[in-house]
Amino acid sequence: MWGSGVVVDKEKRVVLTCAHVLAEDEPVSVFWGGHSVKASVLWRSADGVPYDVAVLQLADDACVAELEALALDTRPPRVGEPVLAVGYPLFSERCAVPAEALSEHRVVRPLVSRGEVSGWWRSSSSQILSTCCVQSGASGGPLLRLGPTGPTAIGVLVCNAQLGCGRDAVVYPHVNFALWADTVAGPINEFLASGDAAVLAGLQCDSPSVQRQWKLQPPKMCKL
C-alpha cells in the first residue's frame with residue numbers, strides 16, 4: 001500500500017492521510033527526504049464510511065527538524081480559485097517510483113499539479129472537486145491554497161474518478177475529490193491540545209446521504 005500525507009503538527013509528529021492507503025494489521029512507514037520512519041496509527045476511519053481519514057504519529061523525532069507542518073485552512077474554497085495538488089504517485093505510468101529507491105532511502109520527489117476548484121459542497125458532503133491531475137498514490141496529500149504567507153491545506157486529496165474495474169477501468173485524474181480541511185480541523189486541533197486520541201472519533205461520519213454523495217450516487221427519492 002502507498003499514499004501521501006500532510007504533517008499537521010511538527011512537535012507532536014502528527015500526520016494526516018487517508019485510511020485506504022494503510023494496509024490492515026501491517027506496520028506503517030513514512031518516507032520523506034531520504035528518511036524512513038515507523039509510525040503508529042492513532043485513528044482511522046472504518047471501511048465504507050464517507051470520510052476516508054487516518055491520523056498517524058511518527059515514532060522517531062530524530063528527523064523532525066527537517067519537517068514542515070501545513071496549516072489546515074478552514075476558509076471556504078471558491079469555485080474557480082487556483083489550487084495545487086501535491087502527492088507521491090507511486091503507481092502512475094509517468095511517475096513510477098522504483099522499489100530500489102525506497103529500499104535505499106533515496107529522495108522521492110512529489111508531483112505538483114496546478115488546477116482550480118471546480119465544485120464545492122459545503123452543507124452536506126464537504127467535497128472539494130478540482131481540475132488538478134491526481135494520480136494513484138496521491139491520496140492523503142494536500143490540496144493547497146497559495147497565499148502571501150505561504151501555502152495552506154484547504155483539503156486532503158481522497159480519490160480521482162474511475163469508470164469500471166480492473167484492467168478495463170478508465171481513470172480520470174483531472175476529476176478528483178478532496179475532503180474540506182474544515183471537516184477535520186476540529187477533532188485534529190482538539191487532539192493536539194489534549195493528547196487524547198479518543199477525540200479523533202469525531203472524524204467519523206456515518207451519514208447515508210453523505211455516503212451516496214461521495215459515491216456519486218443520486219439522492220434517495222422520497223415518495224409523497
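A cavity is a set of grid points where a 1.4 Å probe fits but cannot get out. I kept this in mind while reading the model, which is predicted.

Entry: I noted a volume of about 40 Å³ for the largest cavity, and I wrote down its lining as Ala85, Val86, Gly87, Pro89, Leu111, Cys133, Val134, Gln135, Ala138 and Leu157. Strand 6 (residues 82-87) supplies the largest share of that lining, with three residues. When I sorted the lining by class, I found eight nonpolar residues, two polar ones and no charged ones.

**Entry: nonpolar cores.** I then turned to the largest nonpolar core, which has 48 residues, and I saw that Leu16, Val53, Leu58, Leu72, Val184, Ile188 and Leu203 touch the most other members. Helix 2 (residues 181-194) gives the most to this core, namely six residues. I also recorded a second, separate core of 12 residues, which includes Val83, Val134, Ile154 and Leu157. For Val53 I looked up contacts beyond four places in sequence, and they include Leu16, Trp43, Leu179, Val184 and Leu203.

**Entry: helix 2.** I checked the length of helix 2: at 1.5 Å a residue its 14 residues should span 20 Å, and this agrees with its end C-alpha atoms, which are 20 Å apart. Among the buried residues of helix 2 I listed Val184, Ile188, Phe191 and Leu192, and what covers the buried residues includes strand 4 (35-44), strand 5 (54-58) and strand 11 (170-180). Just after helix 2, I noted that Gly195 takes a positive phi of about 75°.

Key. Residues numbered from 1 in each chain as written. Predicted model: local features only at pLDDT ≥ 70, side-chain atom pairs only at ≥ 80, totals over all residues. Heavy atoms only, no water. 1 Å grid on protein atoms, 1.4 Å probe; cavity = no way out; pocket = protein on both sides within 12 Å on 5 of 7 lines; lining within 4 Å. Points joined across faces, edges and corners; volume = space filled by probe spheres on them. Helix = DSSP H or I, 4+ residues; strand = E, 2+ residues; numbered from the N terminus. Nonpolar A, V, L, I, M, F, W, Y, C, P; charged D, E, K, R; others polar. Core = buried A, V, L, I, M, F, W, Y, C linked by side-chain atoms within 4.5 Å. Buried < 20%, exposed > 50% of the residue type's maximum accessible area, 1.4 Å probe, protein only. Contact = heavy atoms within 4.5 Å. Expected span 1.5 Å × (residues − 1).
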